[in-house]
Amino acid sequence: MSTRYAFVGLGHRVQMYVDALLGDWSDAGTIAGLCDTNRTRMAYYVERIGREVPCFGPDEFGELLDLADAVVVTTIDATHARYVCAALDAGKDVVVEKPLTVDAESCAAIAEAAERSSGKLVVTFNYRYSPRNSAVKRLLSEGAIGEVTSVHFDWALDTIHGADYFRRWHRDRANSGGLLVHKSTHHFDLVNWWLGAAPQLVFAQADLRFYGTARPRGERPARSHGAPGLGTDPYLLDISADPRLKRLYLDAEHEDGYLRDQDVFADGVTIDDNMAVLVRYADRAMLTYSLTAHAPSEGYRVVFTGTEGRIELEVCERSWTPPQAAIDPSAASKEHAADAWERLVLHRHWRQPEEIPIERGAGGHGGGDRLLLNDVFRGPGDDPLGRPAGYRDGIRSVLVGVAANRSAATGLPVALTEDGTSLADA
């Protein structure tokens with residue numbers, strides 16, 4: 001029987017799932033309805049689907065649920081919990097984009113809804129499926145470096161990708177939880193999954209040093225569209241130059257006033273662009289993590305030290321930032337760029353380092369997106385790496401970011417419960 005899917009949140013992110021059901025996964029389900037605050041965005045996807053599809057506003061979400069067996073949630077992060085809980089309480093399966101939500105209270109609400117529901121909840125952590133990250137999990141599971149004692153994880157977003165978070169809705173912490181929730185939930189989930197352990201204690205520092213009004217840059221336009229410096233200022237995004245962005249946002253802003261191209265140095269930025277986090281795990285492993293959102297290049301480096309050796313993964317997604325305004329290219333575009341590279345090295349005690357080959361596939365994240373979509377739409381098989389993620393995985397990754405934000409604000413460490421699924425003082 002074909003599953004009827006409803007989609008709530010019709011921005012950029014939903015297209016991967018819509019296109020999957022229109023393409024290689026068309027046998028797995030049909031698109032039963034759409035829900036968004038903006039009719040223009042819904043009309044774009046109706047056109048893409050190529051047939052009439054029922055469209056609903058947020059207040060009509062219950063009517064949408066009557067048409068569906070499962071719901072895909074890709075709304076603004078702070079609204080995830082509303083739709084996830086309503087769908088679960090209606091007995092529907094739910095697929096939700098990361099982060100699961102943005103605060104401890106909505107984590108608890110989702111957990112309670114998941115426990116009482118007959119529906120299942122999947123959080124789409126596509127980084128788990130990336131071949132290089134899966135290769136790391138495989139090495140750790142095989143005990144290649146013994147018991148892991150420490151993890152050092154450094155992630156750099158460049159001034160194409162990083163800047164984009166400061167011109168969109170993410171710039172408001174109330175919407176996104178800040179980058180320690182919205183972006184780092186990917187990275188914290190990777191570490192939780194790699195180690196197979198629960199985070200228990202978090203200490204962090206964070207600051208806004210580059211974007212917003214942190215570094216005054218003289219008089220600037222409030223947005224890029226129509227600005228005199230468009231085409232010469234590398235921080236101004238020409239939203240009209242991308243047909244898809246124009247349709248989804250520029251042509252739609254008359255309905256809700258949402259501006260997709262705010263100036264990254266304008267007022268209203270309440271999130272950080274430099275973050276440093278320490279996490280202690282239940283198995284006594286320690287994580288040292290940093291995220292920078294204004295680097296000249298893009299990529300990450302993660303190092304595992306264990307009782308029998310060391311694993312080093314280095315990834316360059318973009319070696320330099322071209323001096324023109326642009327939205328961040330897709331994962332597929334970055335990974336197949338001429339200057340992109342990755343290297344995984346296993347270094348055991350008393351032995352020469354060994355470079356581990358990484359098998360790549362077609363599509364985003366080295367073929368990982370296709371593997372994820374298979375699990376989402378056809379159901380997970382017997383995966384020895386345990387890549388499919390449930391609501392507890394989503395909660396643990398969010399709460400590391402929530403705890404880090406609280407620690408950065410108070411200057412104090414923040415404890416989680418033994419299983420990492422709630423704050424200790426909640």
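This is a predicted model: local features need pLDDT of at least 70, side-chain atom pairs count only at pLDDT 80 or more; totals for chains, interfaces and linings use all residues.

Me: What is the bridge partner of Gly299 in E12?

Reply: That would be Cys316. E11 and strand E12 (residues 309-318) are also antiparallel, with nine bridges between them.

Me: How many residues sit between E11 and E12 in the hairpin?

Reply: Two residues lie between them.

Me: Is E11 mostly covered or mostly open?

Reply: Mostly covered: of the nine residues in E11 (298-306), seven are buried.

Me: Switching topic. What's the strand order in the open sheet of six strands?

Reply: The order is E3-E2-E1-E4-E5-E6, and the pairing is parallel. At the edges are E3 (55-56) and E6 (121-124), each pairing on one side only.

Me: Can you give me an example from the middle of that?

Reply: Take strand E4 (residues 70-73) and strand E5 (residues 93-97), which are parallel and joined by four bridges. Val72 is opposite Val95 of E5 there.

Me: And which helix lies across E2 and E3?

Reply: Helix H2, residues 39-49, and its direction is at about 160 degrees to E2 (29-35).

Me: Now the inside. Which residues touch the most other members of the largest nonpolar core?

Reply: Phe153, Trp194 and Phe304, out of 95 residues in that core. Helix H15 (residues 391-410) gives the largest share, eight residues.

Me: What does Phe304 touch?

Reply: Leaving out residues up to four places away in sequence, its contacts include Val136, Leu140, Ile145, Trp194 and Ile311.

Me: Last one: where is Glu359?

Reply: Glu359 is in the loop between strand E14 (354-355) and helix H14 (368-378).

Me: And why does Glu359 count as exposed?

Reply: Because its relative accessibility is 70%, and exposed means over 50%.

Me: How far apart are Glu359 and Glu298?

Reply: They are 61 residues apart in sequence, and 22 Å apart in space going C-alpha to C-alpha.

Technical notes. Residues are numbered from 1 along each chain as its sequence is written. Side-chain values use heavy atoms; hydrogens and water are left out. Buried means under 20% relative accessible area, exposed over 50%, partly exposed in between (1.4 Å probe, protein chains only). Two strands pair if DSSP finds at least two bridges between them. Contact means heavy atoms within 4.5 Å. Axes are lines fitted to C-alpha atoms, for helices over the stretch in contact, and angles run from 0 to 180 degrees between N-to-C directions. A nonpolar core is a set of buried Ala, Val, Leu, Ile, Met, Phe, Trp, Tyr and Cys residues joined through side-chain atoms within 4.5 Å.
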